[in-house]
Amino acid sequence: MSDLRWIDAALTSARPQVVAALLRYFGDLDTAEEAFQEACLRALKSWPDKGPPRDPAAWLIFVGRNFGVDQIRKTSRQTVLPDEQHLSDLEDREADMAERLDNSHYRDDVLRLLFICCHPDLPATQQIALALRIVSGMTVKEIARAFLVGEAAMEQRITRAKRIVSSAGREFETPNATDRMERLGVVAAMLYLLFNEGYSATGGNAHVRAPLCVEAIRLTRLLLRLFPAEPEVMGLLALMLLQHARTTARLDASGEIVLLEDQDRTRWDQTLINEGLVLIDKALRHARPGSYQIQAALAAAHARAARAEDTNWGEIDRLYGLLERIQPSPVITLNRSVAISKTQGAEAALVMIKPLEKALDGYFHFHGVKGAYLLQVGKSAEARRSFDRAIALANTPAEAAHIRQHIDRLQNANRTEKPLELPATGRPRTTS
Amino acid sequence: MQYAILCYDDEAVIESWPDAKLDEVIGKHQAATKPIAKRGKLGPVLRLLPTSTAMTVRSGDKPVVLDGPFAETKEQLLGLWIIDADTHDEALALAAELAGHKETGSMEVRPLLMFMDGKAAS
């Protein structure tokens, strides 16, 4: 068979488990990666003729382990070898391996591999780059492209990140339940950041960054397979799927953001939405709400509305209220005010955001949203001041352009006033 | 005789396929089932969402709702075709053709004991 994409897919999907198992065995990232590479090369030689092994991951671990041990033997007789019990396993057949590798080890191995990428000394973007390199197996070139930096710079970043990770104390013992949950939380946060790296991209580069979303989803699926009863992991996957479903509708031809209310909902990916909706319903049955679940439920409320005017703003208000309690933040209150403006009017929304003035004074969206409310209650002059402030704070030309539209409308249409769209779908990540 | 052809594979691997590969295989599947569809012998064709979306309701006096199934197996049921084949060989041949479209996984050929059309049941 000349089509080798199936082997690529099998290697890609086995990679986290295999590298993680080899890391546990050798205790060294470089050795584990090198052993994995070698195992992949051998797979590419052997699988096209012989077909896939019954358990590709077990096959790769077995081959990688043999190779790694040989390397250690060759390079230094002084190096302490892994203990005899491990070495004696090497003659075992694949079937025995598979049995031993399944179950609990597998889960902690992969979680550990993801967790070491989240080293607290690494800035978030480097954590993500490292995870893409080590766990996903993306090439440095691919990662550099997605991060819009040069290959050499990315190579340097990843090398540095690896050094920090490997010089830190390693935690190879089996984590207890508390550690495990803590690791899970850290890893989930990293995966959501990865997703947002791709999702928040706009302009001509947006399609270049989209693979980050796809990879984040793939890794979160993996995490959910490892923790199939964790409602927050279900929530995280649901959140990503529901947001990703809007990808083609949320940017216009020039790559600028189309507000949620203005999006052509027929272009939303209904398959992804269905999966997301099922997952969030499944998660909520556990009655252990968390931030991802609530954010997913918010995304679900939008996904369920066939038209923008069908949106259940009462539900959205309730969910933001819940989120405020779990994760108090002025940005969340600001988002909630949008729901309030729909259910109770702009006057009530203005009252709600009044206390946020100090905290959000430097925040683009605050002034954009406030301007829109002021306009709705007929305070044009004050609205103008808010919009001007928003433009001064805009992060991207697209944000500034959007506010300018408000101002243009403000200047042009004093009589036939169309209610203005609220700029609440850009940065505040919980709403777009 | 009616048969179900059940498609099994490792869903983690299928998720790692590039879109082009998925589209190609689905295209081939559709082409392969077209002749039987033209003869009016193709029943429902289903594709399932990933097992992570599944829940299980255990029977009993008070049925219990669980997440899962948490399959220990390497391959999951991804979808199925229902066909009305003239012979057992015909069903096997179609399954072989479908199986030939990809390199991994398997097709289970399972005769039906009963088929109830949803409309007929109403």
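In which loop of chain A is the place of A:Leu148? The legends below take this up among other close-ups. The model is predicted, so local features need pLDDT of at least 70 and side-chain atom pairs count only at pLDDT 80 or more, while totals for chains, interfaces and linings use all residues. Residues are numbered from 1 along each chain as its sequence is written, and chains are lettered from A and ligands numbered from 1 in the order in which they are written.

**View 1. A:Leu148 in its loop.** Welcome to the answer: A:Leu148 sits in the loop between α8 (140–146) and α9 (151–167) of chain A. Helices (H or I, at least four residues) and strands (E, at least two) are DSSP runs, numbered from the N terminus. Phi of A:Leu148 is near 60 degrees, a positive value in a residue other than glycine. Because 11 C-beta neighbours lie inside 10 Å, A:Leu148 counts as exposed (buried means 20 or more other C-beta atoms within 10 Å of a residue's own, exposed 12 or fewer, partly exposed in between, with C-beta atoms placed from the backbone).

**View 2. A:Ala287, with positive phi.** Look for A:Ala287 in the loop between α14 (270–284) and α15 (291–304) of chain A. Its phi is near 50 degrees, and A:Ala287 is exposed, with 7 other C-beta atoms within 10 Å.

**View 3. A cis peptide bond in chain B.** Here B:Gly68 and B:Pro69 are joined by a cis peptide bond, with omega about 20 degrees. B:Pro69 belongs to the loop between β4 (64–67) and β5 (76–84) of chain B.
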